[in-house]
Amino acid sequence: SLATYLYGRAPAHSYFNGCSTGGRQALMSAQRFPRDFDGIIAGAPAADYSGLKFSQAWRVSAISRSGLTESEALVLAGHIYEACDDLDGSKDGLISDPRRCDFDVDRDLPKCEGPDTDACFDQAERDALKQYYAPVMLAGEEVYPAMPVGSEVLGATYTQTLRSGWYPWLLNDDGPVLLDLLGSDFFRYMTFVKDQPNYDWTQFDFAERPDGLDEFSAIVDAVDPDLGNFKNRGGKLLSYFGWADPDINPLTLLDYRDQVAARHPDLDSFFRTFMMPGMFHCRGGAGPDRFDAITPLIDWVERGVAPAQLATWQVDSNGKRSNLRPSCVYPAEAVVDAESRLVCSLPKQLPNRVD
């Protein structure tokens, strides 16, 4: 191998680190090629890739026809965070677990009684948001979970510009929304047996399963919960997700984790998950989005020291670290203790979940 040629010996350990599609490839490696890597980091994995494509079409078709603007998305975020920010015991601009947030579009958003302004939401916008936050239904069956609230908020983009988390994924005055660029070709070239280059994916009616879906899913999705071969050879898997991801639903990782736990009760011995409040897709957001996951993974693989938490932070415009807080092994989360410190602990109010 190249390593043997350069260093005179074979690698002692091999590691994989990826986010988004890279996170899906990471899980696919653990599931299908368990001997390839000793340690794997799967960030925001698009594991249920086919389900994600239907979710993208579901959300884009709703928002694109609504007339919703980025300014209104930030107003929406204000109402959501006013209702839900402090449910974790701290009003800090972050929602630690949006499943605790009982936000209702009809009940909690001001309705336009006159002209549509940024301060209110007309019926078309309300209907669009109700669809956006609803589970994705295909041929009468749920194929992707309901999107949690939180990604609407103002946060840092990849370029450190402050914008709503929905920019440019769902809202973009400068051109096509990013979800259109990422999702439309799935319907044109992948999920139907016969290619349809001019197919308008926003018109997909969700009434019937496309005829090529099963074959596509079997090849591309990374959702097999049997990690026995990876675990038995000593592999370690570390996964993370931003709770404010505007693209991939963070609940898909937790659903997958539950399925793995049902097969492997000793889950924590080889697979640990970190959920990060306020983080957008892989990077950016209103919360800490910088961390070192490689060093803890190496310590886990090579020294047997399992990570209990990750140190996370943001980088300000001067390149300095700010907003340092721990990211905890799920289901623990960072809570304020009696001495006003953030520590990892099980929250007092747990959402409905299987651990």
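At 13% relative accessibility, Cys 101 counts as buried, where buried means under 20% relative accessible area, exposed means over 50%, and partly exposed lies in between, with a 1.4 Å probe and protein chains only. The model is predicted: local features need pLDDT of at least 70, side-chain atom pairs count only at pLDDT 80 or more, and totals for chains, interfaces and linings use all residues. Residues are numbered from 1 along each chain as its sequence is written, and side-chain values use heavy atoms, with hydrogens and water left out.

## Disulfides

Cys 101 forms a disulfide with Cys 84, with an S to S distance of 1.8 Å; a disulfide here is a pair of cysteine sulfur atoms within 2.5 Å. Cys 84 lies in helix H4 (residues 70-84) and Cys 101 in the loop between H4 and helix H5 (105-108), so the bond ties together parts that are 17 residues apart in sequence. Helices (H or I, at least four residues) and strands (E, at least two) are DSSP runs, numbered from the N terminus. The link of Cys 84 and Cys 101 is right-handed, with 60° about the S-S bond. Cys 84 is buried, at a relative accessible area of 2%.

How many disulfides does a search of the whole structure find? The search finds 4. With the bonded cysteines of the chain numbered in sequence order, the pairing is 1-6, 2-3, 4-5, 7-8. Three of these bonds are listed here, among them the one just described.

| Disulfide | S to S distance |
|---|---|
| Cys 19 to Cys 282 | 2.0 Å |
| Cys 84 to Cys 101 | 1.8 Å |
| Cys 328 to Cys 344 | 2.1 Å |

The disulfide of Cys 328 and Cys 344 has a torsion of about -85° about the S-S bond, so this disulfide is left-handed. Cys 328 lies in strand E11 (residues 321-328) and Cys 344 in strand E13 (residues 342-345), so the pair ties together parts that are 16 residues apart in sequence. Cys 328 is buried, with a relative accessible area of 3%, whereas Cys 344 is partly exposed at 28%.

A disulfide also joins Cys 19 to Cys 282. This pair links distant parts of the chain, 263 residues apart: Cys 19 is in strand E1, and Cys 282 is in the loop between strand E8 (271-276) and strand E9 (290-291). The link of Cys 19 and Cys 282 is left-handed, with -100° about the S-S bond. Cys 19 is partly exposed, with a relative accessible area of 22%; Cys 282 counts as buried at 16% relative accessibility.

Cys 19 belongs to the uncovered face of strand E1 (residues 15-19), together with Tyr 15 and Asn 17, while Phe 16 and Gly 18 make up the covered face. In a regular strand the side chains alternate between the two faces of the sheet.

E1 pairs with strand E2 (residues 39-43) in the parallel sense, over 5 bridges; two strands pair if DSSP finds at least two bridges between them. Within this pairing, Tyr 15 stands opposite Gly 39 in E2. E1, helix H2 (residues 21-32) and E2 make a right-handed β-α-β unit. Right-handed means that, with the strands pointing away from the viewer, the path from the first strand over the helix to the second runs clockwise.

Asp 38 is in the loop between H2 and E2 and counts as buried at 16% relative accessibility. A polar atom of the Asp 38 side chain lies 2.7 Å from the backbone nitrogen of Ser 14. The side chains of Asp 38 and Arg 233 are joined by a polar contact of 3.1 Å. A polar contact is a pair of N or O atoms within 3.5 Å; within protein, one must be able to donate a hydrogen and the other to accept it, and residues adjacent in sequence count only if both atoms are side-chain atoms. Leaving aside neighbours within four places in sequence, Asp 38 is in contact (heavy atoms within 4.5 Å) with residues including His 13, Phe 230, Lys 236 and Val 301.

Cys 112 is in the loop between H5 and helix H6 (123-132) and is buried at 12% relative accessibility. Leaving aside neighbours within four places in sequence, Cys 112 is in contact with Thr 117, Cys 120, Phe 121 and Asp 122. Cys 112 and Asp 122 are 5.1 Å apart, C-alpha to C-alpha, and 10 residues apart in sequence.

## The chain as a whole

The chain has 11 helices and 13 strands, and 52% of its 355 residues count as buried.
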